[in-house]
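I opened this notebook to record what I looked up in the structure. The entries follow the order in which I consulted the model.

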Amino acid sequence: MAAVKVLSGARVVLPTGVVENGRVIVEGARIARSAPESAERVDLTGHWVVPGFVDMHVHGGGGASFSNGTVEDVLKGVHTHRLHGTTTMVASTVTGEMDFLAQRAGLLSELVEQGDLAGVHFEGPFISPCRKGAHSEDLLRHPDPAEVRKLMDAARGTAKMFTLATELPGGLDSVRLLAEHGVIAAIGHTDASYEQTVEAIDAGATVATHLYNAMPALGHREPGPIAALLEDERITVELINDGTHLHPASLELAFHHKGAGRVAFITDAMDAAGFGDGLYHLGPLEVEVKEGVARLVEGGSIAGSTLTLDRALRRAVTVDGLPVEDAVRALSANPARLLGVYDRVGSLEPGKDADLVVLDEAFVLKGVMRRGEWIVAPGRA
Ligand SMILES: [Zn+2]
């Protein structure tokens, strides 16, 4: 019989709400219903236990990028985010040459197959030059279903999401193709009008890539994509809650419209996450990170974040004043459902992977468990 651990005394966040003095039983790699007398006890009094975080939009970390570098580099990035509580993540690529992206997809798909990644997210090249953010303008292209298909094939069934400027020629056909194959069509890096956004949602788009960032602002005569994405319940919105990308009132507006079930906190992190200030590359572009804020050396556009999801949670609760259970949903169940992995992860329920995060009363990370193994072991009181 596999080793059994009983985590007890903590406030446990379950899908049904917060349980005071709760217990989580871990048997081998899974959460179990009951424990034998001989089980190892871990006293977590004064702590929170929440599901492991799920990041559906992340480009790298720990000095490593998912868009280039070796398998070892990618695993270093994955490990860095695990140390910060993210136990499930996709790898997001940035705009590159089609052949290069297809090759990356092949490499990343192997890491999906061996269980280190939950899928591949292609951000670019099918995005708008007007809202390119930190993507190379000369490599951008119109969405073309044949090219979308080429990348899907290169990812061998592991492509989970494409971020598209759906207003461009070929955009709606690409959305339909993705929806038919169960791949998320995400609206982002877009210059779409309100009406064009509604069309894309009707065609099957289900996610807003970092809502507010890299899209037209909400205007009184031109409500643009933001109004359409906020009001339609078919859409889940990604938010980068790092204090740089988004005002707390904008976050509140998103939660007000979407409810706690249609928001996903993401990092959109680049290499510097969990690493430090300095000069980096995002795809072919040079990025300088100063005091944790990543900007393109040329033009100064914000270039991803250096966020980790433990910080996103701490900020959501202590600065934005969100209820813990709402913030936790946005970090676990909501993205897990979208990625199609909620049967295994995203909540603390018997039979699921024992992926969890231990936090102290100030929401500082104290422990991380993935598949029953401590990645960060909590100090024993
Ligand atoms: Zn991104």
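Entry 1, the two domains. I looked up the separation of the domain centres: those of domain 1 and domain 2, taken over C-alpha atoms, are 29 Å apart. I noted that the contact takes 16 residues from domain 1 and 20 residues from domain 2; two residues are in contact if their C-beta atoms, placed from the backbone, lie within 7 Å. The assignment gives domain 1 as 4-51 + 346-376 and domain 2 as 53-339, with bounds that come from an automatic or database domain assignment.

I recorded the basis of these values. This is a predicted model, in which local features need pLDDT of at least 70, side-chain atom pairs count only at pLDDT 80 or more, and totals for chains, interfaces and linings use all residues. Residues are numbered from 1 along each chain as its sequence is written.

Helices (H or I, at least four residues) and strands (E, at least two) are DSSP runs, numbered from the N terminus. The most comes from β21, with three residues. I noted the division of the residues on this side as eleven nonpolar, three polar and two charged; Ala, Val, Leu, Ile, Met, Phe, Trp, Tyr, Cys and Pro count as nonpolar, Asp, Glu, Lys and Arg as charged, and the others, Gly among them, as polar.

Entry 3, a three-stranded sheet. I traced an open, antiparallel sheet of three strands in the order β17-β18-β19; two strands pair if DSSP finds at least two bridges between them. β17 (278-282) and β19 (293-296) stand at the edges with a single partner strand each, so one side of each is left without a neighbour in the sheet. The twist averages 35° from one strand to the next, where axes are lines fitted to C-alpha atoms and angles run from 0 to 180 degrees between N-to-C directions.

I found five bridges joining β17 to β18, with G278 opposite V289. These two strands form a hairpin with two residues between them, and G283 in the turn has a positive phi of about 55°. Four bridges join β18 (residues 285-290) to β19. V289 stands opposite A294 in β19, and K290 stands opposite V293. β18 and β19 also form a hairpin with two residues between them, where E291 in the turn has a positive phi of about 45°.
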